[in-house]
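I set out to record, entry by entry, what I looked up in this structure. The notes begin with the overall build and move on to the core and the helix contacts.

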Amino acid sequence: SIPPSSFHPSFHSKMRSSWLFHLLVLLFGMSAWLSIDSIYVQLPILSQSAPESWNLASYIVVIIQISCVFPFTYSIIRNWRREITDKIESPLIVFLLIIDIIGLLLSTFTISQCHILP
């Protein structure tokens with residue numbers, strides 16, 4: 001049977017906003033993996049021209065594994081000190097999106113340039 005709360009008019013608006021929220025979370029997650037997957041797709045081309053050669057794949061894997069530490073740390077802080085994360089959550093998301101956009105734009109315009117670090 002249908003629970004009585006489903007007859008309330010705000011129930012349907014909450015349901016629609018819930019679907020919108022889940023869709024936005026899905027798109028955000030897909031955008032994060034899109035940049036990583038695009039590098040792996042171009043890896044055969046990049047490995048021929050990059051000074052790292054085929055070691056580039058192992059560098060990318062290490063960077064991705066290190067980047068997994070930050071969400072884990074954030075979830076621990078959020079579990080213990082929610083008041084800290086509530087203050088920085090929105091600016092942090094905007095900051096990370098800006099950094100991602102800048103990184104993708106820099107890689108787009110500097111893909112043909114080669115700099116060997118000492």
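**Overall build**

Helices (H or I, at least four residues) and strands (E, at least two) are DSSP runs, numbered from the N terminus. I noted the order of the elements from the N terminus on as α-α-α-α-α.

I recorded that this is a predicted model, in which local features need pLDDT of at least 70 and side-chain atom pairs count only at pLDDT 80 or more, while totals for chains, interfaces and linings use all residues. Residues are numbered from 1 along each chain as its sequence is written, and side-chain values use heavy atoms, with hydrogens and water left out.

**Surface and burial**

I looked up burial next: 8% of the 118 residues of the protein chain count as buried, that is, under 20% relative accessible area with a 1.4 Å probe, protein chains only. The accessible surface of the protein chain comes to about 10200 Å², and 74% of this surface belongs to carbon and sulfur atoms. These areas come from the Shrake-Rupley method with a 1.4 Å probe.

**The core**

I asked which residues form the largest nonpolar core. The 6 residues are Leu43, Leu46, Ala50, Leu56, Ile60 and Ile64. A nonpolar core is a set of buried Ala, Val, Leu, Ile, Met, Phe, Trp, Tyr and Cys residues joined through side-chain atoms within 4.5 Å. Helices α2 (43–49) and α3 each give two or more residues to this core, and α3 provides the largest share, 3 residues.

I then followed Ile60, which touches Ile39, Tyr40 and Leu43, not counting residues up to four places away in sequence. Contact here means heavy atoms within 4.5 Å.

**α3 with α4**

I found that α3 (residues 56–67) and α4 (residues 69–80) pack at an angle of about 5°, with axes 4 Å apart. Axes are lines fitted to C-alpha atoms, for helices over the stretch in contact, and angles run from 0 to 180 degrees between N-to-C directions. The two helices are therefore roughly parallel, the word for angles under 35 degrees. Gln65, Ile66 and Ser67 in α3 meet Val69, Phe70 and Pro71 in α4.

**α4 with α5**

I looked up the axes of α4 and α5 (residues 82–109), which come within 7 Å and cross at roughly 135°. Tyr74, Ile77, Arg78 and Trp80 of α4 make the contact with Arg82, Thr85, Asp86, Glu89 and Leu92 of α5.

Definitions and conventions. Parallel < 35°, antiparallel > 145°, perpendicular 65-115°, else oblique. Buried < 20%, exposed > 50% of the residue type's maximum accessible area, 1.4 Å probe, protein only.
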